[in-house]
Amino acid sequence: MPLVWAWVVTPAGQQFTGLLFNANDGNTYLAKMEEGRQGAWVFHLAHTSEQGGNGAVIFVFYLLLGKIAGLLHLPNILIFHFARVLAGWLLLEVSYRFITLLFTDIVRQKLAFRLVCVASGFGWLLVAFGVNAPDFWVAEGYTFLSIFANPHFPLATALLILALTETLLGLEQQQWLHYLKAAIATLVLGFVHPFLLITLAGVLAVYWLWLSIANRRPDWWGMLGLIMVGLTGTPGPFLTWWGTENDPLLKAWMSQNQTITLDPLTSLSGYGLLVPLSIIEIWWIARRLPALAGKNSLLNRRWQLVVIWLLVTVGLLALPLNFSRRFLEGIHLPLCCLAAAGYYFLVIERFRFDFKGRLLVGISALSSVVMVVISIALVYLPQDNLNDPVRVPYLSAGEIGAIEWLQQHSKPEEVVLTGPLLGNVLPGRLLIHVFYGHSMETINSEQKLAIMQQFFALETPDATRQQIIQTWQLNYLLYTWREQNLGKLKPATKGWQLVYSAEGVQLYRF
């Protein structure tokens, strides 16, 4: 809804970028699509001035989306959102299927599913105290935000859930068809988001071990099924490792691509009531469920898998890895299932209150509702931000004209110097490099940002600017009021060739 509304109210003569949430990363995905659209099967960094790497077979999903956009002669952003909606539908579909394995009562199934759709944490409350709670920006940790952000988060989570579900059914029914389905999901997952294979392997390994202890004998046929599922997922991670190890630019990018786990209190606040209710349900599963349903019952086994899934994920989040926060992806479903069951045990069975889950869903959904309100508000707020594309959802006619000029006259190997905002936007709309465009996909981004600010500073000597142009092999300067506010540079006095000018937007060739 926010995206449709922002498109409908686009000011005359302007163009909606198509992004209202996490636009910094969203533009990098569009850049990958543009590379695929232009024929590439390997990924190269576009948001940096350095060139010459071999590339790698990674981000295949976005390269394929770009090829689809090219074949259909449709804008990248349209295919991006179509894939996002389709992946979101798949995530909700496989989530509900998993929920039905745990709950036989339709009312409880609906409560768990509603939590999966909208539940978040206390971000709506903590924002008043200046706390940047994760349920406002860590999209991969929440179903609602992941569907709102991009296509690959919901697709990867859906593939993880599908792999776990089919493997669980394979272990229960000893049918290899289920293992085959899980293997296919794992193979695709390895190319979409290989980090989740670590979660999958950890959960399945611990669950198989628990089954072996509970049954007092190892399930060797089940182990063969797990090995098959695991091995089919290896091509994606191997190609990622091989490509990044043999491309110095991608290796440098990986070294600065830091997504470290947030501190425990901040992380807990991001899930609000889901946490205490899940803890209560874990206690109930450990102490009460085996006696009520039977230690070897399917219901007990399935709930043990949910608990193991949550605990393994928490353990992975605690690891001292530079990408540990990525393990949040997939944690939402087990938390919501446990919280729904914990709610019925605590509120209805113990205290005899029956709100039918409406109060829990309502409170848990507040941050998601606030995100929708904020997204719509961005359309009406002053678009005076110099750096953040999220706060600038529209491009002016002059900016659109400059992009179209570059599309017709520039070469893929050329480099554009502009401010952080347009530097982030450009590679998603044409095949070209920018000097600075993203905090992680720009090599040595902090150094580049300082150099860019030095270039635009009025007091910088012309000789220093010329040295920057030659050292970094810059070809164009895209200059708008934002670049002027970065340092008051007057490019018209520097002797550079003006190749485009309209509505306060100038494009110079060095």
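Modeller: Contact here means heavy atoms within 4.5 Å. The model is predicted: local features need pLDDT of at least 70, side-chain atom pairs count only at pLDDT 80 or more, and totals for chains, interfaces and linings use all residues. Residues are numbered from 1 along each chain as its sequence is written, and side-chain values use heavy atoms, with hydrogens and water left out.

Colleague: Which residues does Leu333 touch?

Modeller: Not counting residues up to four places away in sequence, Leu333 touches Ser95, Phe98, Ile99, Val116, Ile161 and Trp309.

Colleague: What makes a set of residues a nonpolar core?

Modeller: The term denotes a set of buried Ala, Val, Leu, Ile, Met, Phe, Trp, Tyr and Cys residues joined through side-chain atoms within 4.5 Å. Buried means under 20% relative accessible area, exposed over 50%, and partly exposed in between (1.4 Å probe, protein chains only). The largest such core has 103 residues, of which Phe98, Phe103, Leu115, Tyr271, Trp303, Trp309 and Leu333 touch the most other members. A second, separate core holds 21 residues, among them Ala402, Ile403, Val434 and Val505.

Colleague: How do you know how the span of helix α23 stands against the expected value?

Modeller: Helices (H or I, at least four residues) and strands (E, at least two) are DSSP runs, numbered from the N terminus. The expected span is 1.5 Å times one less than the number of residues. Helix α23, residues 445-456, has twelve residues; its span from first C-alpha to last is 17 Å, close to the 16 Å expected.

Colleague: Which residues of α23 are buried, and why are they said to line one face?

Modeller: The buried residues in α23 are Ser445, Lys448, Ile451, Met452, Phe455 and Phe456. Seen down the axis of α23, these residues fall within an arc of 130 degrees, so they line one face of the helix. The arc is that of the directions from the helix axis to the C-beta atoms. Their cover includes α13 (248-256), β3 (415-417), α22 (420-425), α24 (462-471), β5 (476-479) and α25 (481-487).

Colleague: What makes His73 exposed, and how does Asn22 count?

Modeller: His73 has a relative accessible area of 69% and is therefore exposed, whereas Asn22, at 21% relative accessibility, counts as partly exposed. His73 is in the loop between α3 (60-72) and α4 (76-102), and Asn22 in the loop between β1 (15-16) and α2 (23-37). Although not a glycine, Asn22 has a positive phi of about 55 degrees; His73, not a glycine, also has a positive phi of about 55 degrees.
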